[in-house]
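I opened this model to look up its helices, core, salt bridges and ring pairs. My notes are below.

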Amino acid sequence: MADTDFPDDLLAGQTRLHQALAEYSALCRTLPWSVDPAPGWPGEKALYGDGEVGGRPDSPGYTEQQKTEVARLHKECVELSTFVGTHPYWATLAGEARVDARMELKAVTQPTTVPTVDVEIAA
């Protein structure tokens, strides 16, 4: 696994941070473009060609369930980032060694699969 002997809680925190960021990103990709209901606007004729560029369809806005889930995941990501970034382990390293260890921690905890999104929450 890792060449560095990371504390178990730091490994667990970084692993969960990767997961939470992936879940947050996957959820955000399913959401309407506007949090609140908003009218769309037409695109403009493409400079070269027959298509249109820009423009947006009407946005129904987020449901209360979607707002709650976005807020929960965002809060979890901030808390985990703070936990990992301020972990006492980092004080045992200096300069380039700290940077190298940080990059190693990210690499050894990187998930190999992409999470699925609960479609009822995303809908």
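These entries go topic by topic.

**Ground rules**

I am working on a predicted model, where local features need pLDDT of at least 70, side-chain atom pairs count only at pLDDT 80 or more, and totals for chains, interfaces and linings use all residues. Residues are numbered from 1 along each chain as its sequence is written, and side-chain values use heavy atoms, with hydrogens and water left out.

**Helix 2**

I took helices as DSSP runs (H or I, at least four residues), numbered from the N terminus. Helix 2 covers 64–85. I checked its length against 1.5 Å times one less than its number of residues. Its 22 residues should span 32 Å, and the end C-alpha atoms are 31 Å apart, which agrees.

Next I looked up burial. I call a residue buried under 20% relative accessible area, exposed over 50%, and partly exposed in between (1.4 Å probe, protein chains only). The buried residues of helix 2 are Gln 66, Glu 69, Val 70, Leu 73, Glu 76, Cys 77, Leu 80 and Val 84. Where do they sit around the axis of helix 2? They fall within an arc of 135°, so they line one face of the helix. The arc is taken from the directions from the helix axis to the C-beta atoms. On the other side of helix 2, I find Glu 64, Thr 68 and Lys 75 exposed.

**Salt bridges**

I counted a salt bridge when a side-chain nitrogen of Lys or Arg is within 4 Å of a carboxyl oxygen of Asp or Glu. How many does the structure hold? I get seven salt bridges.

Glu 76 pairs with Arg 16, with the closest N and O atoms 2.7 Å apart. Glu 76 belongs to helix 2 and Arg 16 to helix 1, so this bridge ties together parts that are 60 residues apart in sequence. Glu 76 counts as buried at 18% relative accessibility. Arg 16 counts as partly exposed at 22%.

Glu 64 meets Lys 67 at 3.5 Å, N to O. They are three residues apart, about one turn of the helix. Glu 64 is exposed at 57%, while Lys 67 is partly exposed at 28%. Glu 79 meets Lys 75 at 3.8 Å between the closest N and O atoms. These two are four residues apart, again about one turn. Glu 79 is partly exposed at 45%, and Lys 75 is exposed at 51%. Shared partners also join Arg 16, Glu 23, Glu 69, Arg 72 and Glu 76 into one network of salt bridges.

**Nonpolar cores**

For a nonpolar core I took buried Ala, Val, Leu, Ile, Met, Phe, Trp, Tyr and Cys residues joined through side-chain atoms within 4.5 Å. Which residues make up the largest one? I list nine: Phe 6, Leu 10, Leu 11, Val 84, Tyr 89, Trp 90, Leu 93, Ala 101 and Leu 105. Helix 1 (8–30) and helix 3 are the elements that give two or more residues to this core. A second, separate core has five residues, including Leu 31, Tyr 62, Val 70 and Leu 73.

Leaving aside neighbours within four places in sequence, Leu 10 is in contact with Phe 83, Val 84, His 87, Tyr 89, Trp 90 and Leu 105.

**Ring pairs**

I paired rings of Phe, Tyr and Trp (its six-membered ring) if their centres lie within 6.5 Å; planes under 30 degrees apart count as stacked, over 60 as edge-to-face and the rest as tilted. The structure holds four aromatic pairs. Phe 6 and Tyr 89 are edge-to-face, at 5.6 Å centre to centre and 65° between the planes. Phe 6 lies in the segment before helix 1 and Tyr 89 in the loop between helix 2 and helix 3, 83 residues apart. Phe 6 is buried at 4%, and Tyr 89 is buried at 13%. Ring pairs link Phe 6, Tyr 89 and Trp 90 into a cluster.

Conventions
Contact = heavy atoms within 4.5 Å.
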